Amino acid sequence: MTVRLRGLSTAVPPTQLQQTEVAEVFGGQPGLSRLAQRIVSTSFGLSGIERRYTVLEELSTSGPEVAEPEFYDRSSGLILDPGTRLRNDRYAEHATRLYVEAGRAALAATPGIEAGDVTHVITVSCTGFYAPGPDFVLARDLGLPAGVQRYHLGFMGCYASMPALRLAAQLCEADASAVVLVVSVELCTLHLRTSNDPDTIVATSLFGDGAGAGIVTARPLEPGERALRLDGFATRTTPEGEGDMAWRIGDHGFEMVLSNAVPSLIGEHVTGAIEPLLEPEPSLVEALRGGRVGSPIEHWAIHPGGRSILDHVESTLSLSEAQLEPARDTLRDFGNMSSATVLFVLQRILEGGAAQDGDRVAAMAFGPGLTVESALLTVEG
């Protein structure tokens, strides 16, 4: 049975943040040590990011000034420190719109599939919670069937869209008539804060808001349609690094731990993590061990967790600059949007002029654990 990812769509909120302006705001906060100021300058300046998007209009230095600011007081230049409840309330408010926008876009981009055809919904997020949740909201606002089956993958981190696609594929393999709507929404900027802690500063320099969605089904493609065949998935945890990437709930938002050891750990273990994905095709395993896997696998959708992560993956797997371009361009234009980001990279590959019918795509995302989730796909159409 052939299962495909179709109607791949993305969405971002309207407020854009220029990286240089954000760096000035965070670098100018009172209480920052000289070392922290230097880390802000370095982290923001070398991030590979030019712009990010946020649901918080008040974070923009050029938009309308907010009378009662909750996150950033432009008149004083101070970054405020709201509690977790307020941050999560704003998540429920803003995430709902993005879930529906991205889900509706995926349906509109999938010819031959309508809302009434959807049998399952899988939602993904690690930046907020509410119930009835986004799975319920999608079913209600998109007019999905009353009996649609709903699942939510919460608080897994940046890799969570990969197990969501794997679950969707398994549902389709169990039922050839299944049509699964997968939607990831992450509002990372709700949890930005000022700090002297190097890990917090690095996280602050990277994360933005965004949504990705797609339809997973075994139904045949329509004439002229382009899609990604889902060939296989793999999961591996590295033998070290459990404490180097973590996501915890604090009194003033969710607290990200992202140590500077993560890029080197990924670089050290990425070959062993992706080998199980390629095992069903011995020629690909041989190419991996021979340092030439970038030849039979033309496209690489690497989660751009940061510039240094991409550098290590490119070097370890001997990939070309062109093969990392979709990931680097996504990082430049949107930042790290946690679990939604790899869907942005896949969309760039599928819609780019370089992807041809039959080309192979390897996708990888990294998260707490340290966990590496990977998928092997094939361009169709």
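Helix 3 contributes the most residues to the lining of the second largest pocket, 6 of them. The model is predicted. This pocket has a volume of about 320 Å³. Its lining counts 18 residues, and V55, L56, E57, H94 and R97 sit closest to the centre. By class, the lining has 7 nonpolar, 3 polar and 8 charged residues.

Stay with helix 3, which spans residues 84-108. Two packed helices are described by the angle between their axes and the distance between the axes. Helix 3 packs in this way with helix 4, residues 134-141: their axes come within 10 Å and cross at roughly 55°. Helix 3 is therefore oblique to helix 4. The crossing of the two helices is right-handed. On the helix 3 side, the contact uses T96, Y99, V100, G103 and R104. On the helix 4 side, it uses P134, V137, L138 and D141. Sorted by class, this contact has 5 nonpolar, 2 polar and 2 charged residues.

Next, the largest pocket. About 460 Å³ of space lies in it. The lining has 21 residues, and S43, V202, N260, P263 and S308 lie nearest the centre. Which helices each supply at least two residues of this lining? They are helix 2 (34-45), helix 6 (198-204), helix 7 (262-278) and helix 9 (307-316). Helix 9 gives the most, with 4 residues. The lining of the largest pocket has 9 nonpolar, 9 polar and 3 charged residues.

Rolling a probe the size of a water molecule over the atoms shows where empty space is left. The model has 6 cavities of 30 Å³ or more. The largest cavity holds about 140 Å³ of space. Of the 16 residues that line the largest cavity, F26, L59, Y72, I79 and L192 are the closest to its centre. Helix 1, residues 19-27, gives the most to this lining, with 4 residues. By class, the lining of the largest cavity has 11 nonpolar, 2 polar and 3 charged residues.

The second largest cavity has about 120 Å³ of space. Among the residues lining the second largest cavity are C188, H191, L192 and R193. T200, A203 and T204 also line the second largest cavity, as do F207 and W247. F254, E255 and M256 belong to the lining too. Helix 6 and strand 12 (253-258) each supply at least two residues of it. The lining of the second largest cavity divides into 7 nonpolar, 3 polar and 2 charged residues.

Finish with the backbone. Most residues other than glycine have a negative phi, and most peptide bonds are trans. Where are the cis peptide bonds joining A131 to P132 and G369 to L370? P132 lies in the loop between strand 6 (120-125) and helix 4. The A131 to P132 bond has an omega of about 0°. L370 is in the loop between strand 14 (360-367) and strand 15 (371-380). For the G369 to L370 bond, omega is about -10°. F155 has a positive phi, near 65°, and is not a glycine. F155 is placed in the loop between strand 7 (149-154) and helix 5 (161-174).

Notes
Residues are numbered from 1 along each chain as its sequence is written. This is a predicted model: local features need pLDDT of at least 70, side-chain atom pairs count only at pLDDT 80 or more; totals for chains, interfaces and linings use all residues. Side-chain values use heavy atoms; hydrogens and water are left out. Axes are lines fitted to C-alpha atoms, for helices over the stretch in contact, and angles run from 0 to 180 degrees between N-to-C directions. Angles under 35 degrees count as roughly parallel, over 145 as roughly antiparallel, 65 to 115 as roughly perpendicular and the rest as oblique. A crossing is left-handed if the near helix is turned anticlockwise from the far one by less than a right angle, and right-handed if clockwise. Contact means heavy atoms within 4.5 Å. Ala, Val, Leu, Ile, Met, Phe, Trp, Tyr, Cys and Pro count as nonpolar, Asp, Glu, Lys and Arg as charged, and the others, Gly among them, as polar. On a 1 Å grid over the protein atoms alone, a cavity is a set of points where a 1.4 Å probe fits but cannot get out, and a pocket is an open set with protein on both sides within 12 Å along at least five of seven lines; lining residues have an atom within 4 Å of a point. Grid points are joined across faces, edges and corners, and a volume is the space filled by probe spheres set on the points.
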